[in-house]
Amino acid sequence: MRAYIASRLVQTALVVFLSLTAVFGMVRLSGDPVLLFMPMDIQAKDVNEFRERLGFNDPLAVQYARFIAGAAHGDFGESLRYRSDAMTLVLERLPATLLLGSTALVLTLVIAVPLGVLSAVRRDSLLDHVGTLATVLGQATPGFWLGLMMIYLFSVQLRWLPTGGRGSLAHLVMPSIVLAAFFAARIARLTRSAVLDVLGEEYVLTARAKGLGEGRVIGKHTLRNAAIPIVTLAGLEAGQLLGGAVITETIFAWPGLGRLTVQALLNRDFPVVLAAVFLISVLYTLINLTVDLLYGWLDPRVRLQ
Amino acid sequence: MKKYLGGGVTLAVLLVAVLAPWLAPHDPLRADLVQSLRPPGTPGHWLGTDQLGRDVLARVLHGARLALFIGGCTVLLTAVVGGLLGLVAGFVERWPSAALMRIADVQLSFPFILLAMTINAIVGLGLRNIILSLSAAGWVVYARVVRGEVLSVKQREYVHAAAALGVGRVRLLFRHVLPNVAPSIVVVASLQFSQFVVAEAAISFLGFGVQPPTPAWGSMLSESRDFLYVAWWLAAFPGAALALTALGVNLLGDWLRDRLDPKLRV
């Protein structure tokens, strides 16, 4: 087990290293970062001075080595815009994103799993049909449109909730619902089909035949076996939540990692972009590792190697 | 149900996209400041006008053209490139295949929308670059799925039989293996299509991708944010068109998967 975790952590480090190299390469190939960042009317002398100061005049290999050496220490250089350490900026925004993401994840699971289970257990009932319709619509509705429409309804018309920003609990309501909506739809659909699969198994029939109550049949014998695909998807989706957060945070002016990344990309503030890429890929791979470890706990037949 | 609703909506959106120049009552780019921000129901402007007095209906109809064009090009590009790479990676089990799959792993360790947006911000904005960015982020799924399928198909008896009869490797791959993995490619393509359309809109919404004044749904939604207090219709209609398109294509994709490849999970 320990060896497995160690080898997965090495893999994580490799993935993070490769994605940083790819982004570094793309940034350098796309043009001179100084010229892209500087105003149009700047003097050639000033450009050169700026370039010299930031080390952009050195050979590419030297720049790359310096970048990787810095990155290994968590040093991605200074933000070109804010004049402060890029990694510190990114880390400052992380708690807001984690708060939003975990609220959305909890909301997703609390709504989607019971809905999926009920739909499967009461197959072809009114609840099942309404649930299926809701999940199909939920999957088709783009989050940023849902967000705009909710702002119009709840902030502009009803004046119940703030349009954006972070502070009170009221600020968290709309962003977390918008972020959760799409994932809840997917998870509810998957839960329904996973539970339906398991309900057809012989051990469920056996459990019923020996006179177990419906609550135990569903709660213990069905759910635990249906959990593997649900946990897989929830884990993958938890990673995609980071992507969804980019859009949700921008609509609701939520001061998180996603919004910072969008702004850094729009401003061509590449040290911040690279620091954000680093943090996001670390988070994403750690989430996936957690999911894999959960398998062994859920289903002892799964042997990790 | 899925078949008729999905097929019907998809066909309708397709027709609108093709016939947009004839269906649209106005030029989607022509501004008329006297007529700005008119609500839906105004004579001559059924869905109202935007801040520059451009007809919202005309812009939404032309938006369909752009959305389907971008979605179509991206799906085609990713299916051909990702499909070919997956085909070869599954067939030739040497180190380049392993390397390719590691690249795929690295890409999959990053949220799709964020990857496409980052690539787009770096390579530059505009129509061609958004297609390239989405493709660069999206080919991985095909490569993965197709490789997995090839690994299983190439062990089948008819492939061994063909090889024993002296069929060359290239012919074996394209005549005997490819037709048997083609259904998976079609299913993945149909499921990816709406993802690409929505991702393009999201990226344009964030200020990358297709730029104003081109009537793309995403950039229309982006512009509408400044007028949400006075003109709800600027946000409502392009978004509804986007959701409807995604709904139709999703249903069609689900139906295709049920028909062609029920086990596939994407």
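The side chains of Arg189(A) and Asp254(B) meet in a salt bridge, with 2.6 Å from N to O. The term denotes a side-chain nitrogen of Lys or Arg within 4 Å of a carboxyl oxygen of Asp or Glu. Across the interface of chain A and chain B, the rule finds 1 salt bridge. Between these chains, 5 residue pairs are in polar contact, both residues at pLDDT 80 or more. A polar contact is a pair of N or O atoms within 3.5 Å; within protein, one must be able to donate a hydrogen and the other to accept it, and residues adjacent in sequence count only if both atoms are side-chain atoms.

This is a predicted model, in which local features need pLDDT of at least 70 and side-chain atom pairs count only at pLDDT 80 or more, while totals for chains, interfaces and linings use all residues. Residues are numbered from 1 along each chain as its sequence is written, chains are lettered from A in the order in which they are written, and side-chain values use heavy atoms, with hydrogens and water left out.

**The interface**

The contact (heavy atoms within 4.5 Å) takes 45 residues from chain A and 39 residues from chain B. The two chains bury about 3600 Å² between them, 78% of it on carbon and sulfur atoms. In chain A, Phe144(A), Trp145(A) and Leu148(A) lose the most area to chain B, together 17% of what that side buries. Buried area is the accessible area (1.4 Å probe) that two parts lose on being put together, summed over both.

The side of chain A that touches chain B divides into 28 nonpolar, 13 polar and 4 charged residues. Here Ala, Val, Leu, Ile, Met, Phe, Trp, Tyr, Cys and Pro count as nonpolar, Asp, Glu, Lys and Arg as charged, and the others, Gly among them, as polar.

**Backbone exceptions**

Most residues other than glycine have a negative phi, and most peptide bonds are trans.

Ala253(A) lies in the loop between H10 and H11 of chain A, and Arg268(A) in the loop between H11 and H12 of that chain. Helices (H or I, at least four residues) are DSSP runs, numbered from the N terminus.

In chain B, a cis peptide bond joins Pro212(B) and Pro213(B), with omega about 10 degrees. Pro213(B) is placed in the loop between helix H7 (169–205) and helix H8 (217–224) of chain B.

Notes:
Helix = DSSP H or I, 4+ residues; strand = E, 2+ residues; numbered from the N terminus.
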